2 protein chains.
Amino acid sequence: MATLKDVAREAGLTVGTVSRVLNNRGYISEQTREKVYDVMKKLNYQPNEMARSLSKQTSKTIGVIVPHIVHPFFAKVISNLEQAAYNSQYRILLFNSKGKEEKEEEYIEACRSNRVAGVILCSGSFNTEKFKNLGFPLITIERFLDEGTAGIECDNYSGGVQAAEHLISRGCRHLLHIGGVNEQPMPADSRKAAFEDVCRRYGTEHHAVDPGRMFYDEMNYYPVIRSALDQYPQTDGIFASSDVIAAQAIQVCREKNIGVPEQMKIVGFDDVNIASLTSPGITTVRQPVKEMTEAAVSAVARSAAGGMVAARSVFPVSLVIREST
Amino acid sequence: MATLKDVAREAGLTVGTVSRVLNNRGYISEQTREKVYDVMKKLNYQPNEMARSLSKQTSKTIGVIVPHIVHPFFAKVISNLEQAAYNSQYRILLFNSKGKEEKEEEYIEACRSNRVAGVILCSGSFNTEKFKNLGFPLITIERFLDEGTAGIECDNYSGGVQAAEHLISRGCRHLLHIGGVNEQPMPADSRKAAFEDVCRRYGTEHHAVDPGRMFYDEMNYYPVIRSALDQYPQTDGIFASSDVIAAQAIQVCREKNIGVPEQMKIVGFDDVNIASLTSPGITTVRQPVKEMTEAAVSAVARSAAGGMVAARSVFPVSLVIREST
DNA sequence: GAAAATGTGTCAACCGTTAGACATATCGGA
DNA sequence: TCCGATATGTCTAACGGTTGACACATTTTC
């Protein structure tokens, strides 16, 4: 593959000069500039990012670590991160930790080896010691981390409040919360806390169940939902902590001949596209994923440029009302 | 961040020696080896992959270009590629072309700049000129490309045959095929061809509809499905070219009070996890994504090592019978 | 007991690019 | 006339690692 040196030779210049036109450094005559561009095109030259990064001591790559790729929420996060990265001329190196701490650490090390500009961590493990002195910013999305440079979350508590109040205002009197899969404290826990606070405030009967970690990979929440509905048969409103769970709750209701929304109202969380594709469409708490991922990428960019970033950013959520309530 | 030089100094050796223990090259005494490892741990040393790649003239990174991240099939492909890459010590640089040719080309150039070991292309555009003389292997998944080093597909034709014969053997007499989103010729087209061949052979009445590209991003096939069922009301069997479409077809049937599988039998394609999570579960043609992605990664690895790889590999599919038929 | 094989380690060139130091040359102004 | 600003370009030391060439012991083999 052609190198700067080849371009320089072909253009009758030195590498220094060519590098200057490439990086818009110093003074270069229009004539020289054009000459260089011509030759680059002719030789089908592409700068070697490795060499560039090595020399500049920083790369245009962002490490993204997620616990799951197939789950719609994370797929949406990844997709939006890719878009945001692209807009800022970054690339993403994708890692799937599968929620395992060892893999997460291993991937952080891989990022370090690749001298990424920063890491965006959406994963759920916990070993905070390993995250010190990494040499690059560590941005988290929906995840607590003292050592992180910046934490980005949605307003989970407000989301929980909106969901619960909505169900109550729709006439539900026996509420059920179905939680996520996390074992460690997560920002998302506030959803449940808010739900319980609201129920207590209104004096509404409520229960909560939590799928264990075992369901994480498979996204199969049916057993929990079925057993929860068997245990609390009078339930007339469900607040599910994700749209995937909500979608499955709809199916379970169908099995049991419980009409949604007539006999059972269901609110999800996230607003991923299955929420609008089920029937009935799912009323859900929308996370502004686009804004959150843009904030994450721009935090990396700013931090890489030596700038300051907010230690914690909380994005507002909004209730999207569809047919399930 | 600590460098090889730091490690060497601290261990009282030269960089050459330290590099040797790192790469298991030449003879090194157990004592020296241990000393080096101790110092590396002490200094929290991580080799600089940039420098390494630059020197070795090859990287441990694979570029992955997909047209969609949120679509369950591609999410599954990405997830499996990441796993396969991890197993072979590769990392993946993820790009979302959104099916746009310009972006695809841009991303191929980005891969070239990053001196990837190879590119795995699942995207759908067409400009074959640009893909010549890249300097690295170009592996495609479910995609035709003359210039590619290797093409990996599933046996789409056989899948179509199995789906159609299954529907007919279950007693369907008025079949409908709902196609995918591609505008250009794709391996997946054989699904439809097979379906039509089988129907003709059995003398079964059949029709086919194709969603345009417009549905690509949104994965919203409802309008096509609804209008197809309005147009062909006697339909009693659907072969959908993806599980996402099949899942939506089930919903449409529910809307229209058509019992699945009693009045309408539905077969999907891919076997992504929504297929087993809908109710009824979707009978579908299973693509061996794990094997296909492993083949793709190992093709990159082998090709990077100067080896030969099959120009075209076709993987067998199998019918997974669930409740929708 | 010399040649060959096995160990152990050093040295320096090279990978492709960047960027600061350093020539020159031109030109307007004091 | 000399000075500093403006333009244009060259040279070379990094960046962090790899690797072949080479030096020197020590052991084995015939």
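**Entry 1: a strand pair in chain B.** I started with strand β6 (residues 174-178) of chain B, which pairs in the parallel sense with strand β8 (residues 237-240) of chain B over four bridges. For me, two strands pair if DSSP finds at least two bridges between them. Helices (H or I, at least four residues) and strands (E, at least two) are DSSP runs, numbered from the N terminus. I then picked out His177(B), whose bridge partner in β8(B) is Phe239(B).

**Note on the model.** This is a predicted model, where local features need pLDDT of at least 70 and side-chain atom pairs count only at pLDDT 80 or more, while totals for chains, interfaces and linings use all residues. Residues are numbered from 1 along each chain as its sequence is written, and chains are lettered from A and ligands numbered from 1 in the order in which they are written.

**Entry 2: where the chains meet.** I checked contacts (C-beta atoms, placed from the backbone, within 7 Å). 40 residues of chain A are in contact with 40 residues of chain B. Several elements of chain A supply at least two residues each to this side, among them α4 (49-56) and α10 (243-255). The largest share, six residues, comes from α5(A). I also looked at strands across the boundary: β2(A) and strand β2 (residues 91-96) of chain B pair in the antiparallel sense over three bridges. There, Leu93(A) stands opposite Leu93(B) in β2(B).

**Entry 3: chain A overall.** I counted twelve helices and twelve strands in chain A. Its C-alpha trace spans about 85 × 40 × 30 Å along its principal axes. Among contacts in chain A between residues at least 6 apart in sequence, 70% join residues at least 24 apart. Last, I noted that buried residues (20 or more other C-beta atoms within 10 Å of their own, with C-beta atoms placed from the backbone) make up 51% of the 325 residues in chain A.

Definitions and conventions. Two residues are in contact if their C-beta atoms, placed from the backbone, lie within 7 Å. A residue is buried if 20 or more other C-beta atoms lie within 10 Å of its own, exposed if 12 or fewer, and partly exposed in between; C-beta atoms are placed from the backbone.
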